Amino acid sequence: MDLRALCVIVLVAILAVSSQAAKNKKEKGKKAASDCVGWKWSRCVPNSKDCGVGTREGTCKEETNKLKCKIPCNWKKPFGADCKYKFENWGECNVETGVKSRSGTLKKALFEAECKQAVQATKPCSIKTKTKGEPDGQ
């Protein structure tokens, strides 16, 4: 009976030590949360070229912090990656200029970015003209 009690005590001690070690490992991986309110974030700066993975820096009082960010490679450069717009459908092709346009209204400004309320986007008209297939008169 003493042997069983000793085994139970040893087993409980091993479990207690291993659970404490797991708890310490979790806490070691966490960074201390900041109590600062009112962070100001910079624009996302890509690591190379003008799109892809990068970083943005935030400041609050005397604290600074960096976050990973990503700029999609198909973003509208004049509008900024932090300004999200709801766009209308593309308009008809202007034959004189060879471009078509559409307008968009601000939907969301990320990281307190300064965004225009309305923007205009243009793109070249497609070279191919879409025509409806006409049936052969056979």
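L3, L6, V10 and I14 together form a nonpolar surface patch with about 400 Å² of accessible area. Such patches consist of residues with over 30% relative accessible area and no salt bridge, nonpolar side chains (Val, Leu, Ile, Met, Phe, Trp, Tyr) being joined within 5 Å and like charges within 9 Å. A salt bridge places a side-chain nitrogen of Lys or Arg within 4 Å of a carboxyl oxygen of Asp or Glu, and accessible areas follow the Shrake-Rupley method with a 1.4 Å probe, only the protein chains shown counting as cover for residues. V10 belongs to helix α1 (residues 2–29) and is partly exposed, at 43% relative accessible area; buried denotes under 20%, exposed over 50%, and partly exposed the range in between (1.4 Å probe, protein chains only).

The model is predicted: local features require pLDDT of at least 70 and side-chain atom pairs pLDDT 80 or more, whereas totals for chains, interfaces and linings use all residues. Residues are numbered from 1 along each chain as its sequence is written, and side-chain values use heavy atoms, without hydrogens and water.

The protein contains 1 helix and 7 strands, in the order α-β-β-β-β-β-β-β from the N terminus. These elements are DSSP runs numbered from the N terminus, helices being H or I of at least four residues and strands E of at least two. The average pLDDT, the predictor's confidence per residue from 0 to 100, is 80 for the protein, and 77% of the residues score at least 70. Among the elements, α1 has the lowest mean (70) and strand β6 (residues 99–109) the highest (93). Of the 138 residues, 17% count as buried.

D82 lies in the loop between β4 (63–71) and β5 (83–87) and is buried, at 8% relative accessibility. Its side chain makes a polar contact with the side chain of R56 at 3.1 Å; this term requires a pair of N or O atoms within 3.5 Å, within protein one able to donate a hydrogen and the other to accept it, and residues adjacent in sequence count only if both atoms are side-chain atoms. Leaving out residues up to four places away in sequence, D82 also touches, among others, R43, C44, K108 and F111, a contact being heavy atoms within 4.5 Å.

F111 lies in the loop between β6 and β7 (118–124), is partly exposed at 35% relative accessible area, and has a positive phi near 50 degrees. E112, in the loop between β6 and β7, has a positive phi of about 55 degrees and is exposed at 56%. Most residues other than glycine have a negative phi.
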